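Subject: Structure for your review, with notes

Dear colleague,

Please find the structure below, together with the notes that I promised. I would be grateful if you could read them with the model open beside you.

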Amino acid sequence: GAPRVVERVPAGDRLRQELRADAEYLRRNGRRQRMELLALQLLSVEALGPSRIEIETAEAWSTSYESVAGRPLTEPARTVAVK
């Protein structure tokens, strides 16, 4: 959950921004997130250099939330679409 951890993830800026937004949402609302990968499709792989590649995927996730304190969730669920 610490912002420094996100900076160490070997991913692009867009994914890091999503991770930061998710962590802030969960922290702000006292929630825990459970995710299950339902489907993964490999779209492309591109060499960016001798030790770097870029992998493009399409993913489908089932995401649920629960209160860290065991309280009912009163805020509506958040919907995020990423293309």
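Confidence in the chain is lowest in helix H1 (residues 3-7), with a mean of 71, and highest in strand E1 (residues 31-49), with a mean of 90; the quantity here is pLDDT, the predictor's confidence in each residue on a scale from 0 to 100. Over the chain the mean pLDDT is 81, and 84% of the residues reach 70 or more. Where pLDDT is low, the predicted coordinates should not be read in detail.

Some conventions before the findings. This is a predicted model, in which local features need pLDDT of at least 70 and side-chain atom pairs count only at pLDDT 80 or more, while totals for chains, interfaces and linings use all residues. Residues are numbered from 1 along each chain as its sequence is written, and side-chain values use heavy atoms, with hydrogens and water left out.

Overall make-up

The chain contains 2 helices and 2 strands, which are DSSP runs numbered from the N terminus (helices being H or I with at least four residues, strands being E with at least two). Along the sequence they follow the pattern α-α-β-β. Of the 83 residues, 10% count as buried, where buried means under 20% relative accessible area, exposed means over 50%, and partly exposed lies in between (1.4 Å probe, protein chains only). The chain exposes about 6,900 Å², of which carbon and sulfur atoms supply 53%; these areas come from the Shrake-Rupley method with a 1.4 Å probe, and for residues only the protein chains shown count as cover. Among contacts between residues at least 6 apart in sequence, 47% join residues at least 24 apart, a contact being defined by heavy atoms within 4.5 Å.

Helix H2

Helix H2 (residues 13-29) has 17 residues and reaches 24 Å from its first C-alpha to its last, close to the 24 Å expected at 1.5 Å a residue, where the expected span is 1.5 Å times one less than the number of residues. The helix is followed by Gly-30, whose phi is positive, near 60°. The buried residues of H2 are Arg-16, Tyr-25 and Leu-26. Arg-16 counts as buried because its relative accessibility is 16%, and, leaving aside neighbours within four places in sequence, Arg-16 is in contact with Val-6, Glu-7, Val-9 and Ala-11. Glu-18, which also lies in helix H2, counts as partly exposed at 27% relative accessibility.

The aromatic pair

A search of the whole structure finds 1 aromatic pair. Tyr-25 and Tyr-65 form this pair, which is edge-to-face, at 5.7 Å centre to centre and 75° between the planes; rings of Phe, Tyr and Trp (its six-membered ring) pair if their centres lie within 6.5 Å, and planes under 30 degrees apart count as stacked, over 60 as edge-to-face and the rest as tilted. The pair links distant parts of the chain, with Tyr-25 in helix H2 and Tyr-65 in strand E2 (residues 52-67), 40 residues apart. Both tyrosines, Tyr-25 and Tyr-65, are buried. The charged end of Arg-31 sits over the ring of Tyr-65, 5.9 Å from its centre, the criterion being NZ of Lys or CZ of Arg within 6 Å of the ring centre and within 35 degrees of the ring normal.

Arg-32, in strand E1, is partly exposed at 37% relative accessibility. Not counting residues up to four places away in sequence, Arg-32 touches Leu-26, Ser-64, Tyr-65, Glu-66, Ser-67 and Val-68. The C-alpha atoms of Arg-32 and Tyr-65, 33 residues apart along the chain, are separated by 5.6 Å, while Ser-64 and Arg-32, 32 residues apart in sequence, are 8.5 Å apart, C-alpha to C-alpha. Ser-64, in strand E2, is partly exposed with a relative accessible area of 37%, and beyond its neighbours within four places in sequence Ser-64 is in contact with Arg-32, Gln-33 and Arg-34.

Glu-54 also lies in strand E2 and is partly exposed, with a relative accessible area of 44%. Leaving out residues up to four places away in sequence, Glu-54 touches Ser-44, Val-45, Glu-46 and Leu-48; Glu-54 and Ser-44, 10 residues apart in sequence, are 8.0 Å apart in space, C-alpha to C-alpha.

With best wishes
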